[in-house]
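Here is a short note for a colleague who is new to this entry. Please look through the sequence and the model first, then read the points in order.

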Amino acid sequence: MVTPIKINENVKERLDRLKERLGDISYNDLIERLLDYYETGNIKDKPVKAKLDVELVSKYETQCSKCGGKIRVGDRFRYIKVDYEDGSKDVIRLCLDCMLDSTLLKRYYVKKRELEVIVRELRKEANELVDRVKELEKYSDTLKIKAEVMSIMRDVKDLLTRILEKLDTALDKLDKLEPYSLRPQKPREAPRAREP
C-alpha cells in the first residue's frame, strides 16, 4: 500500500541531496534508512539485500544496540537483521524503551508501567487493610466474649447478693425463734494473765 505524504520544498531538496549521495535510491528506501538510523543509531551506505525486522522475547540476556541497556531473559525486544549485497550483515537488538522511543506507543507503555506500579501499591494497601480488618474482627470477637463474661459476672454477682440477702433474712427470722443466735460469732479472746 502506498501512502502519499506532504513535505515542504526545503525538506524535499535535502532528501534529494541525500538520495543522490546514497546511490540514487528510492524515496521509500531513503526514508527507511533514515528511520533505521533514528531507531538504531546505525546507517550503512551499502545496498540492502534482505532485512528482517521482528519483535521477539529474549531467551538469554543480551544488550541493547542503541542504549547499551540490558535485555533480560523474557523481555520483549526488537531484532533487526540486515543482509547487504556485499555479503556483510548487521544485527541490531533494541530494548523495549529504545524500540518505543518518542512514539505514542512509548507514552502509553510508560503510562501503563506507572499504572501497574499504582495498582501494585493499591493491592498492597488493600491487602494490608484486609489484614487489619481480620485483626479487628478477632479483636471484636474478643470484646464480644469479654462483654458476655462481664454480663455473666454481673448476673452471678446479683444472684449472690440476692442469695446473701435471703440468707440474712432467714437467719434474722431464726434468731427471733431461737434463744441463741445461729450467726457465727467472732471468737472472744481469752483474758491474758498479768505479768509479775
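This is a predicted model: local features need pLDDT of at least 70, side-chain atom pairs count only at pLDDT 80 or more; totals for chains, interfaces and linings use all residues.

1. In which strand is the place of Lys51? Lys51 sits in strand 1, which covers residues 48-57. Lys51 counts as partly exposed because its relative accessibility is 31%, and the buried class needs under 20%. Its C-alpha atom is separated by 9.9 Å from that of Val91, 40 residues apart along the chain.

2. Next, the overall layout. The protein chain has 4 helices and 5 strands. Their order along the sequence is α-α-β-β-β-β-β-α-α. Of the 196 residues in the chain, 14% are buried.

3. Now the core. The largest nonpolar core has 14 residues. Cys64, Ile71, Ile80, Leu94, Cys95 and Cys98 touch the most other members. Strand 4 (76-84), strand 5 (89-95) and helix 3 (96-99) each supply at least two residues of this core. Strand 4 gives the most, with 5 residues. As background, nonpolar side chains tend to be buried together in soluble globular proteins.

4. Salt bridges come next. The whole structure holds 7 of them. One joins Arg78 to Asp53, with the closest N and O atoms 2.4 Å apart. This pair links distant parts of the chain: Arg78 lies in strand 4 and Asp53 in strand 1, 25 residues apart. Arg78 counts as buried because its relative accessibility is 12%. Asp53, at 35%, counts as partly exposed.

5. Glu116 and Lys112 meet at 3.6 Å, N to O. They are 4 residues apart in helix 4, so about one helical turn separates them. Glu116 is partly exposed at 36% relative accessibility, and Lys112 is partly exposed at 46%.

6. The other pair is Glu135 with Arg132, whose closest N and O atoms are 2.9 Å apart. Here the spacing in helix 4 is 3 residues, so the two are again separated by about one helical turn. Glu135 is partly exposed, with a relative accessible area of 47%. Arg132 is partly exposed too, at 41%.

7. Last, a surface feature. Which residues form a negative surface patch? They are Glu121, Glu125, Glu128 and Asp131. Glu125 belongs to helix 4, which covers residues 104-177. Glu125 counts as partly exposed because its relative accessibility is 44%.

Conventions: Residues are numbered from 1 along each chain as its sequence is written. Side-chain values use heavy atoms; hydrogens and water are left out. Patches are made of residues with over 30% relative accessible area and no salt bridge: like charges are joined within 9 Å, nonpolar side chains (Val, Leu, Ile, Met, Phe, Trp, Tyr) within 5 Å. Accessible areas come from the Shrake-Rupley method with a 1.4 Å probe; for residues, only the protein chains shown count as cover. A salt bridge is a side-chain nitrogen of Lys or Arg within 4 Å of a carboxyl oxygen of Asp or Glu. Lys and Arg count as positive and Asp and Glu as negative; His and the chain ends are not counted. The place of a charge is taken as NZ of Lys, CZ of Arg, CG of Asp or CD of Glu. Buried means under 20% relative accessible area, exposed over 50%, partly exposed in between (1.4 Å probe, protein chains only). A nonpolar core is a set of buried Ala, Val, Leu, Ile, Met, Phe, Trp, Tyr and Cys residues joined through side-chain atoms within 4.5 Å.
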